[in-house]
Amino acid sequence: MIIKSVNVEVFTYPSRRSVDSAGHSHPGDEKLAKMAMLRIATEEGPEGFAFGPPEVIRAHVVEAFARKVLIGQNPFDRERLWQDLVHWQRGSAGQLTDRALALIEQALWDLAGRALELPVHKLIGGYRDKVPAYGSTMCGDELKGGLATPDNYAAFAEQLVARGYRAIKLHTWMPPVSFAPDTKMDVRACAAVREAVGPDIALMLDGYHWYSRTDAFYIGRELQRLDFAWFEEPMVEDSAESYAWLAANLDIPVLGPETVAGKHYSRASWVKNASCDILRAGVAGVGGIGPCLKVAHLADAFGMDCEVHGNGAANLAVVGAIKNCRWYERGLLHPFLDYDEVPAYLNSLVDPMDTEGFVHLSQKPGLGEDINFDYIQEHRIERY
Ligand code: LLH
Ligand code: MG
């Protein structure tokens, strides 16, 4: 099989998510957002797709790197093509990001699955067909009745349990929220949620990401008391030393790294350095499904769990393919938004959840995105 073309279609779709000055998502007024669909096509017919922000998979990235590496090649040679792109990354002056790399590699996996008529999670592992989800809340806000107070978090947690979630992760308040960060508020929100849902729901905290060691230690000890399952990214992840200190001083599992650069290589250093108890990687953050699997297998070899960061078809495929991940991160969730609403450019959700809190993996060929091609064509604003 030979790759003949690599193209991107940018289209608009209605969205009620807005982003604050620090990049955190919150509910907002409905507006038209932009999305890019990457399409890799072959001479023989099969195609592969991946969705991402147009800024990530820009025309320059497609022309200067993706087409140069992919056209004329066998799409099943994923590891070699990924390594070739990684070599281009070094000389790309930061233009070819891990996120762009991930979208290109993800489309190759989608293509392989569609060509072989197999779901990607079966191709890359095939461990399970359903997985428990944790409801991952948006960061706190100052919206009346939103996520503005510990009581708001508690009320929302009760709604999530009624929807079926057996686990909930709080993202608490971060700047530009006027009173954030505030360690005591974070602990009050965690305590209110534990009180609301009782002892049988798993809880996790992903708080402000720039706390000092002292603040992180204080929160971590309170979370131990509240029987939380893990403590995620409470400090800047560039310091693996701070995380080693925190993990050594707390009993609660410390989870990471989520945002640190360096693909699977940096995760290996975190394991060696004992900087975390549970490892972390997401497809977009580490440059693809392949490196995300490498992180999960690395963790497995050290008897560690690897909790996959983020929602979406590619992360769900990895979760379906490995044993050492307990949960799928479903979200981000907010009382003003309906996560179960299907985005306009798809015909169905990629991660439908039943009333017992299990997300069912798609059995469709490829990554299982049920794409509404008519919608995309009608709302296309750019093609390159
Ligand atoms: O700070 C945020 O907005 C969240 O932490 C966000 O990055 C989220 O994706 C996350 O960390 N999930 O685990
Ligand atoms: Mg996180």
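This briefing describes the overall build, the magnesium site and selected local features of one protein structure.

The model is predicted, and local features are therefore reported only at pLDDT of at least 70, side-chain atom pairs count only at pLDDT 80 or more, and totals for chains, interfaces and linings use all residues. Residues are numbered from 1 along each chain as its sequence is written, chains are lettered from A and ligands numbered from 1 in the order in which they are written, and side-chain values use heavy atoms, with hydrogens and water left out.

**Overall build**

- The secondary structure comprises 13 helices and 13 strands, where helices (H or I, at least four residues) and strands (E, at least two) are DSSP runs numbered from the N terminus.
- Along the principal axes, the C-alpha atoms of the protein fill a box of roughly 60 × 45 × 40 Å.
- Of the 384 residues, 57% count as buried, with buried meaning under 20% relative accessible area, exposed over 50%, and partly exposed in between (1.4 Å probe, protein chains only).
- Among contacts between residues at least 6 apart in sequence, 69% join residues at least 24 apart, a contact being heavy atoms within 4.5 Å.
- The accessible surface comes to about 15,800 Å², of which 50% belongs to carbon and sulfur atoms; the areas come from the Shrake-Rupley method with a 1.4 Å probe, and for residues only the protein chains shown count as cover.
- There are 38 positive and 52 negative side chains, and the centres of the two sets lie 3 Å apart; Lys and Arg count as positive and Asp and Glu as negative, while His and the chain ends are not counted, and each charge is placed at NZ of Lys, CZ of Arg, CG of Asp or CD of Glu.

**The magnesium site**

- The magnesium ion (ligand 2) is coordinated by Asp206 (OD), Glu232 (OE) and Glu258 (OE), at 2.0 to 2.1 Å; donors are N, O and S atoms within 2.8 Å of the metal (3.2 Å for Na, K and Ca), and water is not among the atoms, so sites may look incomplete.
- In sequence, the donor residues of this ion follow the spacing D-x25-E-x25-E.
- Asp206 belongs to strand S6 (residues 202-206), whereas Glu258 is in the loop between strand S8 (254-256) and helix H9 (263-272), so the pair ties together parts that are 52 residues apart in sequence.
- Asp206 counts as buried at 1% relative accessibility, and Glu258 is also buried, with a relative accessible area of 13%.

**Helix H1 and its surroundings**

- In helix H1 (residues 59-70), the buried residues include Val61, Val62, Ala64, Phe65, Ala66, Val69 and Leu70.
- The buried residues of H1 pack against strand S1 (3-19), strand S2 (25-42), helix H2 (78-90) and helix H3 (98-116).
- After H1 comes Gly72, whose phi is positive, near 85°.

**Backbone geometry**

- Most residues other than glycine have a negative phi, and most peptide bonds are trans.
- A cis peptide bond joins Ala180 and Pro181, with omega about -5°, and Pro181 lies in the loop between strand S5 (167-171) and helix H6 (183-197).
- A cis peptide bond also joins Gly256 and Pro257, with omega about -5°, and Pro257 is placed in the loop between S8 and H9.
- Asp227, although not a glycine, has a positive phi of about 60°; Asp227 lies in the loop between helix H7 (213-225) and strand S7 (230-232) and is exposed, with a relative accessible area of 53%.
- Glu233, likewise not a glycine, has a positive phi of about 40°; Glu233 is in the loop between S7 and helix H8 (240-249) and is buried, with a relative accessible area of 5%.

**Two glycines in loops**

- Gly126, in the loop between helix H4 (120-123) and strand S4 (130-137), is partly exposed, with a relative accessible area of 36%.
- Leaving aside neighbours within four places in sequence, Gly126 is in contact with His121, Gly320 and Ala321.
- Gly288, in the loop between helix H10 (283-286) and helix H11 (289-301), counts as buried at 0% relative accessibility.
- Gly288 and Gln106 are 182 residues apart in sequence, yet their C-alpha atoms are 6.2 Å apart in space.
- With neighbours within four places in sequence left aside, Gly288 is in contact with Ala102, Glu105 and Val283.
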